[in-house]
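Have the structure open while you read.

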Amino acid sequence: MKIYDGGKILIGIIIFLLVATSPFSYNMGKASVKPEPKLDTPEIQKMEKKQCVEPKEFMKAEHMTLLNDWRDSVVREGNNVYIGLGGEVYNMSLQGTCMKCHSNKKKFCDECHKYVAVKPYCWDCHIPPKEN
Amino acid sequence: MGALFSLFTVLILVLIAFAGVKAGNLHFLFGVVIPYAAIITFITGVIYRILKWAGSPVPFRIPTTCGQQKSLPWIKHSKIENPSNTLGVIKRMALEVLLFRSLFRNLKTEIREEKVVYGSEKWLWLAGLVFHWSFLIIILRHFRLFVDPVPAFMHLIESFDGFLQIGVPRLFITGVILLVSVAYLLFRRFFIQQVRYISLANDYFPLFLILGIGFTGILMRYFTKVDLVNTKQLIIGLFSFKPEIPEGVGVIFYIHLFLVSILFAYFPFSKLVHMPGVFLSPTRNLSNNNRTKRHINPWNYPVKVHTYEDYENEFREKMKKAGIPVEKE
């Protein structure tokens with residue numbers, strides 16, 4: 001079979017191949033490390049029952065929704081009391097409640113967020129805890 | 001008929017993935033084997049189609065143009081609509097590929113007061129344009145799950161796409177636009193009589209398939225949620241040739257992945273191949289230089305000629321005897 005305008009066709013095919021295989025070539029030679037968020041802060045070590053405001057599975061999937069609801073509740077409705085499943089009372093506060101235990105933002109929040117390229121805008125307003 | 005057939009085909013595909021992963025436990029098949037097969041089919045299929053097109057000779061420029069050809073100096077030449085050189089062709093092609101220039105000229109025909117009237121019809125152009133651009137941005141956005149470390153421009157795309165900051169995870173504008181525009185493209189086939197008449201199953205199938213991909217994607221991001229870290233691990237495994245099946249990836253992800261694999265495998269054998277095809281459209285990619293350059297038809301039959309010189313050489317003696325004048329003695 002004769003190919004007409006072979007040069008232009010070849011350039012087109014090369015561009016197509018480069019684009020179509022770009023995820024493969026980008027990952028070439030790069031070792032991806034699975035994130036391991038750490039829970040070993042002094043505050044958590046002190047707790048008798050290591051339990052967040054909701055069960056772990058819920059927090060894993062829905063923490064962003066919970067934080068968003070907390071923000072709306074505190075900022076728009078002036079209500080900052082959160083009652084957990086077992087009747088525990090929490091103060092709805094990112095800096096005061098969440099980060100009190102999870103004071104290791106870099107090893108807790110950023111570990112996964114960085115891996116999946118999520119940039120939450122919490123820290124546009126809030127002050128992240130001081131870490132070394 | 002075609003619409004229902006396509007809808008049920010997509011639903012059956014969803015069921016196959018659901019049953020295969022949920023009941024059959026075929027995670028490796030749906031998470032690794034089928035995606036690789038789809039990528040290979042896509043790449044080889046597209047190259048095959050391009051080579052097949054390239055095998056067709058285009059002996060003569062096809063001047064379906066919308067502007068004045070290059071002519072005498074005082075006649076204004078329309079350089080983009082009727083290009084006379086490669087630079088003009090590149091500009092025309094860029095307008096076509098990036099802004100769908102020729103679809104912008106779309107007209108509709110109606111009978112009003114027993115007369116045929118023509119009117120401007122820009123909705124198809126608008127829906128088509130925003131659909132394609134949204135799809136492109138969505139694919140680019142997915143790179144955050146394809147590669148590690150994620151390049152910085154990904155954050156830029158996401159911050160623009162999610163700048164409304166509606167809800168958490170942030171609502172992506174392109175996701176909404178994609179579903180709305182695909183719905184328009186689908187309803188157009190249902191409710192415009194003439195379009196409905198010419199619509200076939202292979203027109204409906206990609207639309208339902210893309211709707212299915214969009215729905216499963218949106219479900220995963222905003223509603224049912226998947227374990228993103230494990231999901232990314234699976235995808236990174238695919239793209240670095242170290243396939244693995246991590247625990248705890250939801251079945252909805254496998255459905256999404258299966259539909260995407262079907263889309264890519266179906267791509268080279270369907271109307272979707274217009275993606276590379278637009279670059280090989282003879283009416284768009286050839287400059288109109290029919291009058292300035294000689295184009296030789298490659299399938300010209302080699303004509304056997306017998307010149308007068310040969311003729312005379314053959315019959316010289318006989319011609320002389322008959323008294324016919326000859327050029328060479």
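## Cysteines

Let's start with Cys125(A), which is exposed at 70% relative accessibility. This is a predicted model, and in it the closest cysteine sulfur to that of Cys125(A) belongs to Cys122(A), 9.2 Å away, which is too far for a bond. The cut-off here is 2.5 Å between the two sulfur atoms.

How many disulfides are there over all chains? The count is 0.

Now for the charged side chains. Across the whole structure, the search turns up 18 salt bridges over all chains. As a reminder, side chains of opposite charge can pair when their charged atoms come close.

One of these bridges links Lys107(A) to Glu111(A), with an N to O distance of 3.3 Å. Where do Glu111(A) and Lys107(A) lie? Both belong to helix α6 of chain A, which covers residues 105–115. They are 4 residues apart, or about one turn of the helix. Lys107(A) is partly exposed, its relative accessible area being 38%.

## Salt bridges in chain B

Over in chain B, Arg105(B) and Glu81(B) pair up, with their closest N and O atoms 3.6 Å apart. Arg105(B) is in the loop between α4 (101–104) and β1 (107–112) of chain B, while Glu81(B) is in the loop between α2 (27–54) and α3 (86–99) of chain B, so this bridge ties together parts that are 24 residues apart in sequence.

Are the two partners buried or exposed? Arg105(B) is partly exposed, at 30% relative accessibility. Glu81(B), on the other hand, counts as buried at 15%; the limit for that label is under 20% relative accessible area.

Another chain B bridge joins the side chains of Arg112(B) and Glu110(B), at 3.1 Å from N to O. Here Glu110(B) is partly exposed, with a relative accessible area of 29%.

Which residues do salt bridges with shared partners join into one network? They are Arg71(A), Asp72(A) and Arg76(A).

Note on methods. Residues numbered from 1 in each chain as written. Chains lettered and ligands numbered in written order. Predicted model: local features only at pLDDT ≥ 70, side-chain atom pairs only at ≥ 80, totals over all residues. Heavy atoms only, no water. Salt bridge = Lys/Arg side-chain N within 4 Å of Asp/Glu carboxyl O. Helix = DSSP H or I, 4+ residues; strand = E, 2+ residues; numbered from the N terminus. Buried < 20%, exposed > 50% of the residue type's maximum accessible area, 1.4 Å probe, protein only.
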